[in-house]
Amino acid sequence: MKSFILQNETARLAVLQRIELASPLLLKIRKLFGRYIFSNIITRFFLNPKLIGQEYYKIMLEEFLTIKRFINANDKFFLGIGSGIGGLELLINRNFKDKNYYFIERNYVSKKVKYGWGGMVNKEAYNNLELQKNFLKINNMNESQINIYDYDKNDLPEIKFDIIISLYSLDYHYDFDLYTRYLKKISNTNTKIIFDTIRSDYFQKIFKNVEIVKSDLMTVHKSKRIVCSQFLDLN
Ligand SMILES: C[S@@+](CC[C@H](N)C(=O)[O-])C[C@H]1O[C@@H](n2cnc3c(N)ncnc32)[C@H](O)[C@@H]1O
């Protein structure tokens, strides 16, 4: 079975980033003991990294298939905003050769992970940038392809990107506007920006092109995945 290589601490991050990776038993425990104990104790000691590696691979492959047709062989610069440990980028790397990957993430795990809409107040985070880099390397991304930036250090990459991807992060947990000015700076007319949102109609006013590629109507958030290009107002 296809899988990512996942070490214990990284498996914990994957589960916090993708709660569907937690087994039904773990979810029951979370309900019984609460989010603090779940995030800080249970996920540290009761995970099976091998199984999580397989399941995480499966989920990321499904995600990859929703966006694959938007990636062109000539695209060179990829930016992930809130990519978590980066399984999706690993699959892009396995399918397209010699790309450069940039990541904007955060370097801490919230004490009491809550999965909700924070709006402009954006404090929730579940990552560790050293573990992320190690995970990418042991799963065959070359060190020279990896560029990781800490969102909280205010020193973000300023190049033009071809593809910008933010699954279940930008405009899902926190307001798109936190990144608007920055995104205008790092995109050109060909840049595709892919993210999940519950207000896809709103983005018709922000971008010239908006295409819905996936609808998660069975979940609490009822989000849609959209692929956007060309800001209508560049100021
Ligand atoms: C629900 S997880 C999704 C992870 C990954 N995209 C996936 O689909 O598996 C949301 C991620 O956003 C990150 N995050 C939170 N605030 C952020 C910010 N302002 N900029 C970049 N990433 C952020 C969190 O650390 C977390 O890894």
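**Exercise 1.** Find which residues isoleucine 164 touches, not counting residues up to four places away in sequence.

*Solution.* Start with the model: it is predicted, local features need pLDDT of at least 70, side-chain atom pairs count only at pLDDT 80 or more, and totals for chains, interfaces and linings use all residues. Numbering runs from 1 along each chain as its sequence is written. Next, apply the contact rule, C-beta atoms (placed from the backbone) within 7 Å. Isoleucine 164 then touches Leu79, Ile81, Leu183, Ser187, Thr191, Ile193 and Ile194.

**Exercise 2.** Work out which strands pair with E1, and in which sense.

*Solution.* Strands (E, at least two residues) and helices (H or I, at least four) are DSSP runs numbered from the N terminus, and two strands pair if DSSP finds at least two bridges between them. E1 pairs with E2 (residues 100-105) in the parallel sense over 5 bridges; here phenylalanine 77 has asparagine 100 as its bridge partner. E1 also pairs with E4 (residues 163-166), again in the parallel sense, over 3 bridges.

**Exercise 3.** Explain why strand E1 is largely enclosed by the rest of the structure.

*Solution.* Take the burial rule: 20 or more other C-beta atoms within 10 Å of a residue's own make it buried, 12 or fewer exposed, anything in between partly exposed, with C-beta atoms placed from the backbone. Now look at E1, residues 77-81: 4 of the 5 residues are buried, so the strand is largely enclosed.

Notes
Contact = placed C-beta atoms within 7 Å.
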